[in-house]
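Let's take a walk through this structure together, one stop at a time. Have a look at the model below before we start.

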Amino acid sequence: MTNLKPMQVSRMRRWKSLSIFALLGLVLSWAVSCSPSTPSASTRTPEVEFWTMQLQPQFTDYFNQLIASFEQENPGVKVKWVDVPWADMQSKILTAVSANTAPDVVNLNPDFAAQLAGRNAWLTLDEKIPADVRQQYLPKIWQANMLDGKTFGLPWYLTTSVAIYNTDLLKQAGVEQPPRTYEELAAIAKQVKQKTGKYAFFMTVVPTDSAEVLQSFAQMGVSLVGNDGKAAFNTPEGRAVFQYWTDLYKEGLLPKDVLTQGHRRAIELYQAGETAILSSGPQFLQTVETNAPAIAKVSAVAPQISGSTGKKNVAVMNLVIPRRTDQPEAAVKFALYVTNNTNQLSFAKAANILPSTTAALNDAYFTTVSDSSTPVEKARAVSANQMQDAEVLLPNLKNIKDLQQIVYDNLQAAMLGQKTVDQAVTDAAAQWDQQAGG
């Protein structure tokens, strides 16, 4: 074999190396040319994936039309609508957020949305929503979508409870007007029990059910937690609320199953004519007409019962945008479109709920009532009239259900005589502080 000079060896190595890279380049270019072309993010048609909670099939036509109108007004943007069963939403969105596969716009309630907002899951909207647009929403409802001074969602539709009352039963008890405050409710409860042997109302203290008793603290002027997150109800005012509910139970003015049965039991008792007052949404009157027409004929509606503050509670549905969306501008535009005055009014009429924008709420549909109006129409006007002052009464806490569990457990202990009211309040505050501190 002929000996090669060092320079020749070097050149051969260089050519060999170059030939390998050239071959790789040819293979790569061939593979790319023979593979389907993948559009870049900048050329791909924007798609907004929109999740709602159990709105199909009742509102399928409404949302298909809404989406079509949005796409027509925003050429090049497509919306993919996915409806998720109510019971599955929390687990599905948690999984999607963790896996970075979340949709672009999601329908949640502020309580659960706030839990994920605390984990920085949502896009902060303060700099993306102009002041004039923000002012279209009810101010107190907007606050329900804020955590630590930052806006994590847009208000959408609202529901609020009213006092539905049996006029015949109250008349039998000698009561001319339904109660407006908890103080009046206690007095009427005694009259109803004495004169009819029945109950004025049913308010559950089952920890996993309705939060109405917890909301009553705010209505009676008691803060549940302070700015430091610690219990703020271990005060004379807080003890008075514990005492109020304990006395009603011990005096036999509340059914015993308030300790074991939820709001469904309240509905059953009202429809059976066993209670005089029911706290529920105005749309429930249609259910009464179907299930208990005789009770429906003697039912009327009054504003939600409150405490000395006059505060009314409201339940809010919102739209949130995951922080890692790849279509932030289109997602914000779509969320604003869904929740604008025109579309909120349209959906409120279709779903028998309330809008969260001032202009939609002031529409004649919610404000015009006459003697010939149906009970449902009158109830709708009563509930809409509450909205200017209504607010979400429970604090935005990621573990608000834990607070409810602690308060209700200790309140039940006081009702059953297992603890004094003072001890129940002290224990509840200590348990919450320990958990909050942890």
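In which strand does Ser299 lie? Ser299 is in strand S9, which covers residues 299-302; here strands (E, at least two residues) and helices (H or I, at least four) are DSSP runs numbered from the N terminus. Before going on, keep in mind that this is a predicted model, where local features need pLDDT of at least 70 and side-chain atom pairs count only at pLDDT 80 or more, while totals for chains, interfaces and linings use all residues. Residues are numbered from 1 along each chain as its sequence is written, and side-chain values use heavy atoms, with hydrogens and water left out.

Back to Ser299, which counts as buried because its relative accessibility is 11%; buried means under 20% relative accessible area, exposed over 50%, and partly exposed in between (1.4 Å probe, protein chains only). Its side chain makes a polar contact of 2.7 Å with the side chain of Tyr270. A polar contact is a pair of N or O atoms within 3.5 Å; within protein, one must be able to donate a hydrogen and the other to accept it, and residues adjacent in sequence count only if both atoms are side-chain atoms. Leaving out residues up to four places away in sequence, Ser299 touches Ile164, Tyr165, Tyr270 and Leu285, where contact means heavy atoms within 4.5 Å.

Next stop: Asn145, in the loop between helix H6 (139-142) and strand S4. Asn145 is buried because its relative accessible area is 0%. Its side chain has a polar contact with the side chain of Asn318 at 2.6 Å, and a polar atom of that Asn145 side chain also lies 3.4 Å from the backbone oxygen of Ile141. Beyond four places in sequence, the contacts of Asn145 include Pro110, Phe152 and Val316.

Pro110 also takes us to helix H4, where it is buried along with Phe112, Ala113, Ala114, Leu116 and Ala117. Why is H4 largely enclosed by the rest of the structure? Because six of its eight residues are buried. The cover over those buried residues includes helix H3 (89-98), strand S3 (105-108), S4 and strand S11 (315-320).

On a 1 Å grid over the protein atoms alone, a pocket is an open set of points with protein on both sides within 12 Å along at least five of seven lines, a cavity is a set where a 1.4 Å probe fits but cannot get out, and lining residues have an atom within 4 Å of a point. Among the 35 residues lining this pocket, Val225, Leu394, Pro395, Asn396 and Leu397 are the closest to its centre. Helix H4 (110-117), strand S4 (146-147) and helix H20 (421-437) each give two or more residues to the lining.

Finally, the largest nonpolar core has 71 residues, of which Phe201, Phe233, Phe242, Trp245 and Leu403 touch the most other members. Such a core is a set of buried Ala, Val, Leu, Ile, Met, Phe, Trp, Tyr and Cys residues joined through side-chain atoms within 4.5 Å. Helix H19 (residues 400-415) gives this core its largest share, eight residues.
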